[in-house]
Structure formats: C-alpha cells, structure tokens
Amino acid sequence: MNAVVARALTKKFGDFTAVDHISFKVRPGEIFGFLGPNGSGKTTTIRMLLGLIRPTEGEAQVLGFDIAREPQAIASRIGYMSQKFSLYPDLTVDENLTFYGRAYGLRGRRLARRKEVVLEIIGLSQRRDRITANLAGGWQQRLALGAAILHQPELLFLDEPTAGVDPVSRRDFWRLLYELAARNTTIFVTTHYMDEAEQCHRLAFIHQGQIIAMGPPGQIKRERMQGDVVEILCDRPQIAIQALRQAGIPEVALYGRRIHAAGPGLEERLSALESLLRQAGAGPQTLRIIPPSLEDVFIANVKNSIQ
Amino acid sequence: MEAIVTQHLHRRFRKTVAVRDLSFRIEQGEVFGLIGPDGAGKTTTLRMLAGVLNPTSGRAAVLGVDVTKDPEALRQKIGYMPQHFSLYGDLSVLENLTFFAEIYRVPSRERKERIARLLHFAQLRAFADRPAGKLSGGMKKKLGLACALIHAPQLLLLDEPTNGVDPVSRREFWDILAELHLQGVTILITTPYMDEAERCNRVGLMFRGEIIQQGEPEALRRLAPGEMLVLYTTDLAQAEQVLPDFPDYLEHQVYGDRLHIFTPDAQAAKPRLEAFLKTRGIPMQSLYQDEPRLEEAFIHLIRHARLA
C-alpha cells in the first residue's frame with residue numbers, strides 16, 4: 001500500500017489556485033521531497049494531507065484513509081514538524097517530550113520508554129535536563145523531530161525542517177531521517193535546499209501549484225535538462241555576460257570568476273560561442289560543457305513552465 | 001588595495017570568545033564568502049566591520065577607515081544588511097527607499113533618479129506601491145538590498161541575505177550581486193548554503209571564531225582528503241562499521257543513503273573495495289568515482305578542527 005496517494009488534488013482560495021490538480025504517490029519507507037519556490041503550494045499540499053484544510057477538488061488517501069472523510073484516523077498515525085517548530089523554550093528537553101507524548105495519548109511506562117528511545121535516536125540523552133531555550137539551533141530542531149516521532153508514526157510530514165540551520169547540523173539531521181526511513185518510517189519533506197533535495201529517494205518539482213517534474217534526483221537531472229551548461233573562464237566577464245545575454249542565451253550567471261551559461265543546444269554551438277566572445281572583446285577564454293546541477297535543472301524547468 | 005584589513009580582531013561576550021584573534025584581508029572588488037556552522041563567529045565579525053559592535057581587542061580598517069574611530073564615516077561608505085533587516089512593513093517599497101535615502105542624507109536632487117534605478121535593478125518596479133510587509137520573502141530581501149545600496153556604497157556587508165529564500169529568488173539575488181561585483185563593489189557575504197560559496201571569488205571557512213581555511217573555491221575543493229568514491233548500499237550502518245578496515249581507507253562521510261569514501265587513488269581502490277565489501281557481506285547498489293565538492297572539503301576540515 002502506498003503511504004500517500006493524491007489524485008488531481010486542488011485547492012483554491014477565492015480566485016487563487018494554490019494547488020492545481022496534482023497527482024503523486026509516496027511509497028512506504030521512502031523519503032519523498034517536495035521542492036519549490038515560496039508560494040508554490042508546498043505547505044498547502046501538506047495541510048490538505050494532514051486533514052487541516054479540505055481540498056476544493058480531487059482526493060487523497062494517507063495511509064489508506066481518505067483525507068476528507070477520515071482526518072482523525074490520519075492524525076494519530078502521522079507525525080508533523082512545521083517550519084516554525086513549537087517547543088516550549090522554558091521547559092527542559094525531557095519536559096517538552098513529556099508534554100508532546102501526553103498530547104499524543106502516551107502515559108506512564110509506555111511514555112517513559114518511548115522517551116528513552118527517542119532521546120537515544122535524536123542524540124539528546126545527555127542533554128535531557130537542559131532548558132530548551134539554551135540549546136543550539138540544530139539541537140532544538142532535533143528535539144522538535146523527536147516530539148513528532150514519540151507516538152511511532154508510520155508517516156512523517158516535515159515542512160522545511162532545516163530552514164536556517166547551518167550545514168553541519170543539516171547533514172546530521174538528514175542522517176537521522178535516513179535512520180528513520182531505514183526503520184520503515186515514510187518521510188514527506190519540503191525543502192528549499194538543493195543539496196537536501198538531492199538526498200531524497202524521489203523528488204517532485206512544484207511550481208505555481210503544479211508538479212513540473214518528478215522522479216529520483218539522478219533521473220530528473222539526466223532527463224529533464226533541456227539543454228547544456230557551459231562554463232566559461234575569460235579575462236573580461238562583464239563583456240562576456242553582456243554578449244551572451246544579447247545572443248539570447250536564457251541563463252547567464254557568474255560563479256566567482258567563471259560564467260555558467262545554460263540553454264538548449266549549447267554543446268553544438270560551442271565554437272560559435274567562442275568566436276562570439278572573441279569578437280565582443282571578452283579576451284582569451286576557455287569553454288567547457290559541465291554537468292548541470294539540480295538547481296540548473298530546476299530553474300530551467302520553472303522557466304519553461306512559465307513560457 | 002585592500003578593502004578590509006583586520007589585525008588580531010577579537011571579541012568576547014563574557015566568557016565566550018566569539019571571534020578569536022582574526023587577521024584577514026579582502027581585496028577591493030572581491031566577492032568574499034564567509035561560511036561556517038552556527039556560532040562560528042560570522043555575524044559577530046560582520047557587526048564589528050560594520051562599526052555597530054566594538055572589538056574587545058585588535059583592529060579593523062574598512063575602506064581605510066578604522067571601525068572604532070569613525071563609525072559614522074564608515075556608515076556613509078558601506079552598505080550593511082543584517083540578518084533581520086528591518087524594513088517598515090506598513091510603508092510601501094517606494095516609501096522604504098525614500099526613508100533610507102533620508103537617513104543616509106542622499107541629496108534630494110539625486111534621490112529620484114537613484115530610487116528609480118534601484119527599483120529597476122532589484123526588479124521591484126512593478127511593486128513600488130506595495131506595502132513591504134506584503135512582499136514575498138525573496139522580494140523583501142531584494143528590497144533590503146536596495147535600501148542598503150541607496151547611498152551607492154563601495155562595499156557591502158551581507159549577513160545571510162538569502163537564508164530561507166526559494167531557489168529562483170536566490171538565483172535572482174545572486175545575479176544582482178554579480179552585477180554589483182562587475183561594477184567594482186566589494187562584497188563580504190555570509191551564507192549557510194555551500195553552493196553559494198561557489199559563486200564567490202574567495203571563501204573563508206570559519207569555525208570557533210577563526211578562519212581555518214581560505215582561498216578560491218577550486219583550491220578549497222582540493223583540500224578534500226584524497227579522491228572520492230560514492231557508494232550506494234542498503235546497509236549503511238554495517239558499511240560504516242567495516243569501512244575503516246579497508247586498507248586504502250582515509251575517511252568517509254554520509255550523505256543520505258550514500259557514502260562518500262575517500263582514498264588516495266580512487267581508480268585503483270574501486271575493484272579492491274568491491275571485493276572487500278563482497279567478503280564482508282555488504283550489499284552494493286553502485287560504486288563510482290565523483291569529484292569532491294566544497295561541502296566534502298568543509299566537513300573534512302571541520303571534523304579535523306573539532307578533534308584539534
């Protein structure tokens with residue numbers, strides 16, 4: 001059974017269509033990523049799947065339960081961690097877990113046992129008596145994850161869980177997600193970070209409420225890049241950038257001293273580009289085709305869907 | 001000429017040393033990225049260079065101005081965008097820019113033209129009359145940048161300006177920075193995004209109040225320990241346990257469901273590693289060589305610094 005099945009799921013707010021007929025499946029035990037700009041419909045989708053708001057059209061099942069008819073059955077079986085995780089700053093780590101455990105109906109020995117297990121998983125056993133406000137950002141975020149998994153949910157929704165967390169803590173956090181997935185917890189995660197998106201088993205690009213690409217990250221990179229990326233190193237980048245833009249190259253960006261130009265058919269036009277830059281007076285140059293990053297692919301797909 | 005020079009810059013908050021004996025230089029016209037974990041001292045460094053926080057000891061000169069002696073002169077020469085840049089939410093985009101023009105005493109005859117140029121530059125022309133509070137996160141950051149540019153500073157100090165901003169807006173923001181760079185503006189920027197470090201001329205990795213490495217992104221990437229093999233396996237935990245027994249093993253890092261394994265010679269090690277994993281009963285989906293990125297180098301360097 002799939003953990004999540006959505007069919008033509010749609011949400012309108014007045015004239016505005018936040019989520020526009022999206023269909024996807026999330027398989028049990030996989031880490032499924034939702035990648036998209038602000039306002040693309042990520043959070044609205046999660047809120048529908050959680051049963052917090054009703055879809056305007058379409059339908060979805062979460063762990064086999066219909067989101068419109070059986071939201072209560074869903075609530076007790078899933079865990080949810082939002083962008084602004086709400087921990088009580090003046091309570092200790094242990095007290096926060098007790099609070100959330102009780103909210104999920106855990107009591108007595110079972111609560112005590114689950115707390116031990118969770119503290120072990122999130123690596124906070126040694127810090128259980130610390131006041132939450134005094135924990136570093138990365139630790140607070142682990143605690144919030146701990147609170148979301150106390151009741152052993154089969155499915156975890158994480159809405160930009162690592163926004164504003166430094167790279168080292170982010171990596172530790174993802175390691176934790178993989179441990180959970182290995183224990184058969186399904187994870188649905190939204191993110192802004194390309195390096196995180198690359199770590200998902202499967203990924204959906206969402207833009208203006210629609211899914212514009214979906215699949216394993218490696219496959220998306222291979223199949224969904226319409227065009228090539230050329231890296232250019234030259235004496236006068238400013239002149240080169242102007243010349244490339246005037247020649248109608250869709251994406252021109254400066255990386256340190258290097259220019260990345262992206263667009264369809266650039267590999268065939270490599271020597272033409274070279275002479276274009278020479279004529280423009282960009283000075284001696286080296287050009288080479290480089291593999292696109294996930295960000296390159298994402299931007300190219302977003303621009304295509306706008307046109 | 002140097003745009004920024006610090007000598008033994010030091011800042012303590014009671015017993016905590018936030019910035020430790022920091023000496024570094026940034027050339028005029030450079031885009032310099034400061035990257036590092038939370039609490040490494042990036043923000044404290046920027047605040048001292050902006051003249052809003054005094055160092056405990058040491059000195060810093062920004063565009064030739066001593067940061068402790070003449071903070072007012074400094075403010076006129078630099079643009080500073082702190083992490084929580086305070087725009088006026090109920091004022092329109094245009095009114096915010098006018099307000100900052102007032103604060104920085106931009107001559108009124110230049111004001112109109114400069115604001116028009118910045119609106120265009122920050123792609124905010126269509127939103128001039130919208131209250132700043134109603135802009136998207138990415139647009140707020142662009143407006144913040146436009147306000148920091150109102151007095152045409154020669155140097156920009158940007159503290160995590162793209163944090164929490166979506167990928168499309170992030171790229172637009174960097175394209176604006178590239179434009180400024182090409183106009184000769186010096187930029188010192190902090191970021192939690194490794195891929196953004198690639199867009200800088202030079203990068204400094206900050207850890208525990210010190211810059212532990214600095215250089216061009218390409219040079220820093222070469223600090224990764226040896227060559228890299230990527231291993232996909234369904235038994236990550238077991239693989240991690242046995243790997244240190246592999247004769248050519250240097251170090252490994254976990255990225256989701258794959259391991260990045262470092263070894264002196266990846267091509268030579270690959271068949272040997274395949275055989276090794278087989279005898280240890282580790283399932284292997286794929287094993288291939290890849291180029292180390294900045295991230296691998298940084299994780300390696302920070303691990304070492306932690307052990308030191």
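Guide: Of the 307 residues of chain A, 44% count as buried, where buried means that 20 or more other C-beta atoms, placed from the backbone, lie within 10 Å of the residue's own, exposed means 12 or fewer, and partly exposed is in between. Please keep in mind that this is a predicted model, in which local features need pLDDT of at least 70 and side-chain atom pairs count only at pLDDT 80 or more, while totals for chains, interfaces and linings use all residues. Residues are numbered from 1 along each chain as its sequence is written, and chains are lettered from A and ligands numbered from 1 in the order in which they are written.

The C-alpha trace of chain A spans about 80 × 45 × 35 Å along its principal axes. Chain A holds 11 helices and 14 strands; these are DSSP runs numbered from the N terminus, helices being H or I of at least four residues and strands E of at least two. The chain is divided into domain 1 (4-218) and domain 2 (226-291), with bounds that come from an automatic or database domain assignment. The C-alpha centres of these two domains of chain A lie 41 Å apart. Among contacts in chain A between residues at least 6 apart in sequence, 68% join residues at least 24 apart; a contact here means C-beta atoms, placed from the backbone, within 7 Å.

Strand 7 (residues 155-159) has five of its five residues buried, so it is largely enclosed by the rest of the structure. A:L155, A:F157 and A:D159 point one way from the strand, A:L156 and A:L158 point the other way, and all are buried.

Strand 7 has partners to follow as well, and two strands count as paired if DSSP finds at least two bridges between them. Strand 6 (residues 78-81) of chain A pairs with strand 7 in the parallel sense over four bridges, and there A:Y80 stands opposite A:F157. Strand 8 (residues 186-191) of chain A also runs parallel to strand 7, joined to it by five bridges, with A:V189 opposite A:L158.

For another strand of chain A, turn to strand 11 (residues 228-234), where five of the seven residues are buried. Strand 11 pairs with strand 13 (residues 258-263) in the antiparallel sense over six bridges, and with strand 14 (residues 285-290), again antiparallel, over six bridges. A:E231 stands opposite A:H260 in strand 13, and its bridge partner in strand 14 is A:R288.

Nonpolar side chains tend to be buried together in soluble globular proteins. In this model the largest nonpolar core has 169 residues, of which A:A240, B:L49, B:L97 and B:L157 touch the most other members. Such a core is a set of buried Ala, Val, Leu, Ile, Met, Phe, Trp, Tyr and Cys residues joined through C-beta atoms within 7 Å. Leaving out residues up to four places away in sequence, B:L157 touches B:L46, B:L49, B:A50, B:I78, B:Y80 and B:L188.

Finally, where the chains meet, 35 residues of chain B are in contact with 31 residues of chain A. On the chain B side, helix 6 of chain B gives the most, with nine residues.

Key:
Two residues are in contact if their C-beta atoms, placed from the backbone, lie within 7 Å.
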